[in-house]
Amino acid sequence: MGLLSGVNILLGISGGIAAYKSPLLVRELIKNGSEVRVVMTPSAKDFVAPLALATLSKNPVLSSFTSTDLDNPVWNDHVELGLWADVFLIAPATSNTLSAMAQGRCNNLLLAVYLSAKCPIFIAPAMDLDMFAHPSNQKNMETLSSFGNKVLPVDEGFLASGLQGKGRMLEPKAIAMHVIDFFNPTLPLKDKRVLITAGPTYEAIDPVRFIGNHASGKMGFALAEVAANLGAKVILVCGPTTEKTQHPQIQVKSIVSAMEMFEEVKEVYPSVDIAIGAAAVADYKPELVAEHKIKKKNNNISINLVPTQDILAYMGTHKKNQYLLGFALETENELVNAIEKLQRKNLDGIVLNSLQDPGAGFSVSTNKITYIHSNKSIQTFQIQSKTGCAEAIFDQIIKHDS
Ligand code: CTP
């Protein structure tokens, strides 16, 4: 069940360059379970193709008061559209559309729906920085807020004009989060801070070589996305990986070595509610890092390895009220070893995965997990996507942490 299951969202697109992001917004809303229909202003069609929006939303896209069916015009009923919608989301809302809405003008279908809709209305403005700052636009946004509309903030950054500043439309995920928040005021992890370590660490041998492992970071990123979708603010400390996230509630801190990961974790850990060690941290590092590339010779060489800091064990020792979860990747005596690890590192729970299970492990996108809680309750899950595993893990955390 998505966080927007059963919610009808009418997306209104007006004619600004940010409209090129609308297909992503439609996907984001649908991914969360909502039904989406789209109305566009005629000029929005210059920026994004109605066919793309109709294909993604699986509904016809409307942009005028009438359509042609055989040789009879058919009225596109703006009243019906407004009644169908549980929320009308206008994104992007251009300066022109904001001004028309503030003044009650009605020269296109989007504006007619706006004037007749009784549902909550979200507005995501998008314009250039000077336009955004202009008192007329600021006044229009104030007026629209005073009518009870939810005017979303804008992003700051690179603008289509080439200038830098405040006025960019929020990213699709961030817009969807505002709608999700509205329909889910009691998200289970709302206002919680979650720290997740992910990926491998690389321990330098010389300037070009390192000791690493095959971890992909996929499990840690899946955990971060699920936590953020449940309302949490996530700090994701991750080693070298190709995984990416655009989620507005996930702050990524990229590191390379175990020591760098430890430094980030030490700083953030006291302020979080939940911490998860999903990283495959190198257990050993070279005692000395060669200053220059080690040259090939015809003799054996050896590298003296010393232990790295056990980051999870540090969190266990310094635990206050955090719920602390670790991972155990085992190849033999799985349950016994995992329970021993849970106790040794003072954890509240540990997720066991065995490399003996086909479809589980580092670089695949599925996993098979067993969740062991410190009260010794054990729950085994079927092989499933890493996102499915992450959802099951947070179900367990929420159950045991409340
Ligand atoms: N871990 C960590 N810092 C380390 C080593 C491990 O934070 N230096 C964390 C991992 O993120 C994982 C848990 O500890 O959550 C267990 O990692 P694992 O490699 O399975 O166990 P180890 O403690 O390293 O023990 P062993 O390798 O002997 O099984």
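**Close-up 1. Cysteines without partners.** There are zero disulfides in this structure, which is a predicted model. Take cysteine 119: it takes part in no disulfide, and the nearest cysteine sulfur, belonging to cysteine 106, sits 16 Å away. Cysteine 119 has a relative accessibility of 13%, so it counts as buried, the cut-off being under 20%.

**Close-up 2. Cysteine 389 and its closest sulfur.** How far is the sulfur of cysteine 389 from the closest cysteine sulfur? The gap is 19 Å, and the sulfur at the other end is that of cysteine 238. That's too far for a bond, because a disulfide needs the two sulfur atoms within 2.5 Å. Cysteine 389 is also buried, with a relative accessible area of 0%.

**Close-up 3. Helix α4 against helix α5.** Two packed helices can be described by the angle and the distance between their axes. Here the pair is α4 (residues 95–103) and α5 (residues 109–116), whose axes come within 10 Å and cross at roughly 40°. That angle makes α4 and α5 oblique to each other, and their crossing is right-handed. On the α4 side, the contact uses Thr97, Ala100 and Met101, while α5 brings in Leu110, Leu111 and Tyr114. Sorted by class, the α4 contact with α5 comes out as five nonpolar residues, one polar and no charged.

**Close-up 4. Helix α4 against helix α7.** Now look at α4 with α7 (residues 135–146): the axes come within 9 Å and cross at roughly 50°. So α4 is oblique to α7, and the crossing of this pair is left-handed. From α4, the residues making the contact are Ser95, Leu98, Ser99, Met101 and Ala102; from α7, they are Asn137, Asn140, Met141, Thr143 and Leu144. The class tally for α4 with α7 is five nonpolar, five polar and no charged residues. Met101 of α4 turns up in the contact with α5 and in the contact with α7.

**Close-up 5. Lysine 166 in its strand.** Lysine 166 belongs to strand β10, which covers residues 164–168. Is lysine 166 buried or partly exposed? Its relative accessibility is 45%, so it counts as partly exposed. Setting aside neighbours within four places in sequence, lysine 166 is in contact with Asp128, Leu129, Phe132, Val154, Asp155 and Glu156. For a sense of distance, leucine 144 is 22 residues apart from lysine 166 along the chain, and their C-alpha atoms are separated by 19 Å. Leu144 is also one of the α7 residues in the contact with α4.

Technical notes. Residues are numbered from 1 along each chain as its sequence is written. This is a predicted model: local features need pLDDT of at least 70, side-chain atom pairs count only at pLDDT 80 or more; totals for chains, interfaces and linings use all residues. Side-chain values use heavy atoms; hydrogens and water are left out. Buried means under 20% relative accessible area, exposed over 50%, partly exposed in between (1.4 Å probe, protein chains only). Axes are lines fitted to C-alpha atoms, for helices over the stretch in contact, and angles run from 0 to 180 degrees between N-to-C directions. Helices (H or I, at least four residues) and strands (E, at least two) are DSSP runs, numbered from the N terminus. Angles under 35 degrees count as roughly parallel, over 145 as roughly antiparallel, 65 to 115 as roughly perpendicular and the rest as oblique. A crossing is left-handed if the near helix is turned anticlockwise from the far one by less than a right angle, and right-handed if clockwise. Contact means heavy atoms within 4.5 Å. Ala, Val, Leu, Ile, Met, Phe, Trp, Tyr, Cys and Pro count as nonpolar, Asp, Glu, Lys and Arg as charged, and the others, Gly among them, as polar.
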